[in-house]
Amino acid sequence: MPTGSKVEVRRGFPPIRQWFGRQTLSMQFLLASSILILVVAAVSGYLISREVSKNAAVDRAAATALFMQSILEPVGNELAQTGQLSPVRRTRLDQLFAEPQFRDRFPYFELWLPDATVAYSTSKELIGRRFNPPQGLIRALSGEVAAEYADLTASEHTLRSLDARYLEIYSPVRRADTGEVVAVAEIHEDTDILHWEIFEVRLIGWTVVAGASTLIMLGLFVIVHRGSATIERQRLRLEQRAQEAERVSEEICVLRDRARIASLRMTDFNERLTRGIGADLHDGPAQLIGFAVLQMEPLRLARSKAEREEALLTIGGTLDEALKEIRLIARSLLLPDIENLDLDQVVARVVKLHEARTGTLVEIVPSGSRMALPPVIKTCVYRFVQEGLNNAHRHAGGKGQVVQCRVDGSTLVLTVADRGGTAGKAGGARPDGDGLGIHGLKQRVESLGGTLRFVQEQGGAELKMTLDLGGGMLDG
């Protein structure tokens, strides 16, 4: 059983340590200081109360001795002259100690001669008898007041069957003229009152110690609690900042990956766009110009003015057609002047050109914002609206075309929708033949940290771009 008890105690320690470790610094201080201050207060209170109790007994003995010396002064002179008490003096002493106020407080009284003989006692059987001198008697004969609790085994006490441990106060009785100690008065004082007074003194002492310890502990706790609260707030802030830094780091990693992928896709897109432009130039204007070059030989061999005019007409028509195709290709690559336009004006410019080219109508829901945008954002907006309207016209016949622009704080939301398509055929659902339309637009939007979303329903389709303009984007 003892071994098992030790094991149980050891097993009980870790949960206590864990629970203690989870507490705040102020609570740990409160618990530790409470135990420490409790031990210190208990030891201090015990030592103080013991010293106070001792001093209280000494003070009571001194006060009682002083009181008795004032009463027994004639007795001392008489003993110094005759060596014994007269019957008249004994009668007076009997009457004095028989009074209730004396009898209740001092139930026994002895008057000792220097040879340890009892010259007078309230217990008549002790008068004239000689006993072994008590330690208090010896000290009192040397001139000091002594106080000690009664030894119930002493012969003078067993003779009268004393069973209560009274406080014995030994007070020297001196001659009035020389101050010589001629006898010792032994007063037995009831300890009930003394004990009650000592209890009150101890209670006051313990209360003072406990109150002072509590005030000290509370004062230190307030100081530590404030420091602990500050540390706790800073710890929470550091944790929040660490979590925020971790979240930002994750977002940076995601954005870095997206930027890398977007860069790769943009490079691929530019390569494919370059090949597409090369193919358009080769298959269109280059073929026409080549045909015009071939017409130079008939012109050189023409023998009549009519043949020459006919060859020149063919060459001129071919070159005009080639020039038109070159301009058409250039127009699809170049943007109009949008440098000084705001967001709604850029959208309106795209819509106006689209309506003029296709002969369709487009509804505009403006943002009402006059926010200054960098050229790269304006270009992205222009291309987004242009591509969305082209797809709506190509795949939905230009029915129900709506361009909606909204700015929520630092977030730009741009939507191009139509209501003329069917599921599986609406705008943007089918990639363009060369795959450069929506695909290239998505790379452009994601390279700016935005998102592109396409929603296709039975009654139409919606192309939506969301772009965060914060984080220094507008400074660009």
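## Basis of the strand assignment

Two strands are taken as paired if DSSP finds at least two bridges between them. The structure described here is a predicted model. By that criterion strands β1 (residues 108-112) and β5 (residues 181-189) are partners, joined in the antiparallel sense over 5 bridges. Within this pairing, L111 has A185 of β5 as its bridge partner.

## The open sheet

The pairing of β1 with β5 belongs to an open sheet of 5 strands, arranged in the order β2-β1-β5-β4-β3 with antiparallel pairing. The edge positions are held by β2 (118-121) and β3 (146-149); each has a single partner strand, so one side of each lacks a neighbour in the sheet. On average, neighbouring strands of the sheet are turned by 20° against each other, direction ignored.

## Strand β4 and its partners

One of the residues involved is E148, whose bridge partner in β4 is E168. On the other flank, β4 and β5 run antiparallel and are joined by 8 bridges, with P172 facing V184 of β5 as its bridge partner. β4 and β5 also form a hairpin in which 6 residues lie between the two strands. In the turn of this hairpin, G179 has a positive phi of about 80°.

## Helix α3

Helix α3 comprises 12 residues, 87-98. From first to last C-alpha the helix reaches 16 Å, close to the 16 Å expected at 1.5 Å a residue.

Which residues of α3 are buried? They are R89, L93, L96 and F97. Viewed down the axis of α3, the buried residues fall within an arc of 85°, so they line one face of the helix. P87, V88 and Q95 lie on the other side of α3 and are exposed.

## I438 in helix α13

Helix α13 spans residues 438-447 and contains I438. Is I438 buried or exposed, or does it fall in between? Its relative accessibility is 22%. Because the buried class requires a value under 20% and the exposed class one over 50%, I438 counts as partly exposed. In sequence, I438 and F454 are 16 residues apart, and their C-alpha atoms are 9.5 Å apart in space.

How values were computed: Residues are numbered from 1 along each chain as its sequence is written. This is a predicted model: local features need pLDDT of at least 70, side-chain atom pairs count only at pLDDT 80 or more; totals for chains, interfaces and linings use all residues. Side-chain values use heavy atoms; hydrogens and water are left out. Helices (H or I, at least four residues) and strands (E, at least two) are DSSP runs, numbered from the N terminus. Axes are lines fitted to C-alpha atoms, for helices over the stretch in contact, and angles run from 0 to 180 degrees between N-to-C directions. The expected span of a helix is 1.5 Å times one less than its number of residues. Buried means under 20% relative accessible area, exposed over 50%, partly exposed in between (1.4 Å probe, protein chains only). The arc is that of the directions from the helix axis to the C-beta atoms.
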